[in-house]
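Biologist: I'd like to go through this one label by label, setting each value against its cut-off. Ready when you are.

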Amino acid sequence: MGSFKQDIKDTYLGLSESIGEKWSDFVQFLQEAWPLLVLLLAILIGIWLYADPPPPRHVTLATGAPGGSYEILGKKYAEFFKEKGVTLELIPTAGAQENINRLIDRNDSVQAAFVQAGVTHAKDLKDVQSLGAIAYDPIWFFYRGPELKAADFEAVDGGLKYFLDKKISIGAEGSGTYAQAIKILKAAGYEKGVQVVSLPNLESIKALQAGEIDGSFIVDAFEAPNVQALLNDPTLHLVTFKRAEAFAKLIPYLHILDVPQGAFSLPRNFPSIDMKLLATTTNLLIDDRMHPAIQFLFLEAARE
């Protein structure tokens, strides 16, 4: 029995001495090689960060002109990003063309932008990707004066003949409104036969309400303050695109929205007839260098 205890004791002492020697050798190795180990660790961390950098905590998004639906939409996105711990800075711009120009400029801070279909397409742009269509933007044409009769609508829809001797706004050059208005006028064959002025949406609203112009194209969402200001003005009327199917065939990216009588205001019975609106889509374009995690956040925000 004593021999067994002695064997255990000798074994324990042997292990203790062996572990002590190994630890001493390890400590000595660290003392001699720590600069090399630190360098190797730094290289590994650098390779990891370069190959798979962490997502940024600050992202920029080009929206559009103040008072438009893109401003409202951008604020919703910013709130969603804030909940995820990321700051989404909204950059107001003059319109779609500026959004595109800033997005394709590799030295510009803009990393994402709202752009209407028909202004350009992501496949035509270098270093830009599309995350898809995220909303519909109706193409509104408001006018002042007496409300047109059903027969007049045929002429207006056929080529805006009723407005040939009047002044209408087609949006500021470079804006989505301008791009859509020009294409509609061109499809109708009257892009050179209508007196047009290029006013930003907010200025065109003021000019229309003040009687300085007779009509105005606005391409924006229903809930946009600019659109609501015109829909709630009882002195203004809205043109229906009775041949919307023909326009949609000539301009394939356009969609048709059916609006029933009184949908905008039952007390006013506005519109006074069933009508058709043409609509384009809002696309979310991004810099192709955007971190995949941020792309995922944009997709999640769009889904919500």
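Biologist: Why does Phe 298 count as buried?

Modeller: Its relative accessibility is 0%. Buried means under 20% relative accessible area, exposed means over 50%, and partly exposed is in between (1.4 Å probe, protein chains only). So Phe 298 is buried, and Tyr 77, at 4%, counts as buried too. Before we go on: this is a predicted model, where local features need pLDDT of at least 70 and side-chain atom pairs count only at pLDDT 80 or more, while totals for chains, interfaces and linings use all residues. Residues are numbered from 1 along each chain as its sequence is written, and side-chain values use heavy atoms, with hydrogens and water left out.

Biologist: What makes Trp 140 and Phe 264 a tilted pair?

Modeller: Rings of Phe, Tyr and Trp (its six-membered ring) pair if their centres lie within 6.5 Å; planes under 30 degrees apart are stacked, over 60 edge-to-face, and the rest tilted. Here the centres are 5.6 Å apart and the planes are at 50°, so the pair is tilted. Trp 140 sits in strand S4, and Phe 264 in the loop between strand S9 (255-259) and S10, 124 residues apart.

Biologist: How many aromatic pairs does the structure hold?

Modeller: There are 11. One of them joins Tyr 77 and Phe 298, with 6.2 Å centre to centre and 40° between the planes, a tilted pair. Tyr 77 is in helix H2 (residues 69-83) and Phe 298 in helix H9, so this pair ties together parts 221 residues apart in sequence. Both also belong to one aromatic cluster, together with Tyr 70, Phe 80, Phe 81 and Phe 114.

Biologist: On to charges. How do you know that Asp 288 and Arg 106 form a salt bridge?

Modeller: A salt bridge needs a side-chain nitrogen of Lys or Arg within 4 Å of a carboxyl oxygen of Asp or Glu. For Asp 288 and Arg 106, the N to O distance is 3.1 Å. Asp 288 is in the loop between strand S10 (275-287) and helix H9 (292-303), and Arg 106 in the loop between H3 and S3, so the pair ties together parts 182 residues apart in sequence. Shared partners join Arg 106, Asp 127, Asp 287, Asp 288 and Arg 289 into one salt-bridge network.

Biologist: What is the N to O distance between Asp 127 and Arg 106?

Modeller: The closest N and O atoms are 3.7 Å apart, and the pair forms a salt bridge. Asp 127 is at 23% relative accessibility, so it counts as partly exposed; Arg 106 is at 29%, so it is partly exposed as well.

Biologist: Why is Ile 43 called partly exposed?

Modeller: Because its relative accessible area is 43%.

Biologist: What makes a helix a helix here?

Modeller: Helices (H or I, at least four residues) and strands (E, at least two) are DSSP runs, numbered from the N terminus. The protein has 9 helices and 10 strands.
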